Amino acid sequence: MTSATTARDRRWLALVLLAGAQFLVVLDATVVNVALPHIQQDLDFSPANLQWVVNAYTLTFGGFLLLGGRAADLFGRRRVFMAGIGLFAVASLVAGLSQSEGMLIAARAVQGLGGAIISPAALSIVMTTFAEGTERNKALSVWGAVAGAGGAVGSLLGGVLTDAVGWEWVFFINVPVAAAILFSAPALLAESRAESDREGFDVAGAVTATGGLALLIFTLVNTTEHGWGSARTLIGFAAALVLLVAFVVRETTARHPLVRLGILRNRTLAAANGTAMLAVAALMAMFYFLSLYMQQVLGASAMRTGFQYLPLAVTIFVTAGLASTVVARIGVRATLTTGFVLAAGGLLWFSQISADGTYLGDVLFPSLLVAMGIGLFFVSGTMAATGGVAAHESGLASGLLNTSQQVGGALGLAVLATLAAERTTNALSDGAAQAAATVEGFQLAFLVGAGFALAGAVLAALFVRPPRAAAEPEGEPQPMAA
């Protein structure tokens, strides 16, 4: 076997490694959902603080993604990737050993920081390792399958581990996987960085972007507790807006900006990031409220709830694996639009759930429809958001995409949880039974989630175009796996 063939084979092994790391990051956003009742009981969490087991991760993950992507471009993608994996592993170990509310919430925040470093660095390595075209599309199909199925597998794995060995293992399981990734990374990943941008690092831009995004997400996730019109919420949004405006002003004047704002003149890239926000906002309606419906209304155990996500997860993997072929036949725009339409149909179907429903009658078939949509739009959306981007800005494009997804998820959960709670409260005041009132709230959440998905379909159909290859600056490396 020639050295060129060996290098080509190792690239696909590298993709497996990188996809495994992304799987950890996505999975940890949902793996704790099914375990929350057990965590609340063992650590004596207050109802108000329990949400922060999820939100502390989301907050730091979304807030630091742009910084993580830029750091990968400047300081070395493999180096930054491995640093993120190490941080994630340590935080996972501490989370599993937690003995108090504060200890677990702090560990989850550090996990989110590790994820914000890992995700854009890993996707940036994928973009600079595989040539744009059929080869990269295949790689992104694997990436999209992992990203799309992570939520479903997280719920499945969380249920199994919680019932079998305890909630601590939803965190402990990350440690040996992260160790294997760290051990394998030097042999499979080549180091690379954006040589043309190494002259400086925009500290002011990093502070304003990270602070603005973190405050925005913090305020969004707290709307469920304080309401949209409270002084605390309005002040939070205003402060976040000030920081983000300061970031934009800074980026237009900085010699070495954190984000080259001109990248957003690419209409397809900008639209793809918009669809990413809507996609994850819509999916929050399914993973969050469907887990509650199966446990609180249908009476399923944590383990049974997890296994009931298995058909959904398998369908996502299969559909995402076929997505690159679909893109080759009908194009990125049509594939992305079709995915959103399928997801909207499934969520609209979910809006018909009933208080006396069953898994087979109310959950299985609409979940398969949504799963097909997820497999198509995660793969084609990643292609649209990263295609035609120069290699020296691949970390930036990756960070923008992940940031859009996290902000969309936080916004979607805040909006849908608020609407569902208000609908349930109104139904109870009208004399409805608890189960029926709860289901009315879930129905509204699914309906609005379907609206998010339809908006994504319209945005994709109108503004997404086939990406064009970007010219590389002189001297920009095109790294292969070691």
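Predicted model: local features only at pLDDT ≥ 70, side-chain atom pairs only at ≥ 80, totals over all residues.

Trainee: Which helices are joined by the salt bridge of Arg108 and Asp28?

Mentor: The side chains of Arg108 and Asp28 meet at 3.6 Å, N to O. Because these residues belong to separate helices, the pair ties together parts that are 80 residues apart in sequence. The helices are α6 (residues 101–129) for Arg108 and α1 (residues 3–30) for Asp28.

Trainee: Is Arg108 buried or exposed?

Mentor: A residue counts as buried under 20% relative accessible area. Arg108 has a relative accessibility of 0%, and Asp28 likewise stands at 0%. Arg108 is therefore buried.

Trainee: How many residues apart in sequence are the parts that Glu191 and Arg79 tie together?

Mentor: A salt bridge joins the side chains of Glu191 and Arg79 at 3.9 Å, N to O. Glu191 lies in the loop between α9 (174–188) and α10 (203–226), whereas Arg79 lies in helix α5, so the parts tied together are apart in sequence by 112 residues.

Trainee: Which helix gives the most to the nonpolar patch?

Mentor: The patch covers about 390 Å² and is made by Val90, Leu93, Val94, Leu97 and Met103. Val90 is placed in helix α5, and three residues of the patch come from that helix. The helix that gives the most is α5 (residues 77–96).

Trainee: What is the relative accessible area of Val90?

Mentor: The cut-off for an exposed residue is over 50%. Val90 counts as exposed because its relative accessible area is 53%.

Note on methods:
Residues numbered from 1 in each chain as written. Heavy atoms only, no water. Patch = residues over 30% accessible without salt bridge, like charges linked within 9 Å, V, L, I, M, F, W, Y side chains within 5 Å. Areas by Shrake-Rupley, 256 points an atom, 1.4 Å probe, with all protein chains shown as cover. Salt bridge = Lys/Arg side-chain N within 4 Å of Asp/Glu carboxyl O. Helix = DSSP H or I, 4+ residues; strand = E, 2+ residues; numbered from the N terminus. Buried < 20%, exposed > 50% of the residue type's maximum accessible area, 1.4 Å probe, protein only.
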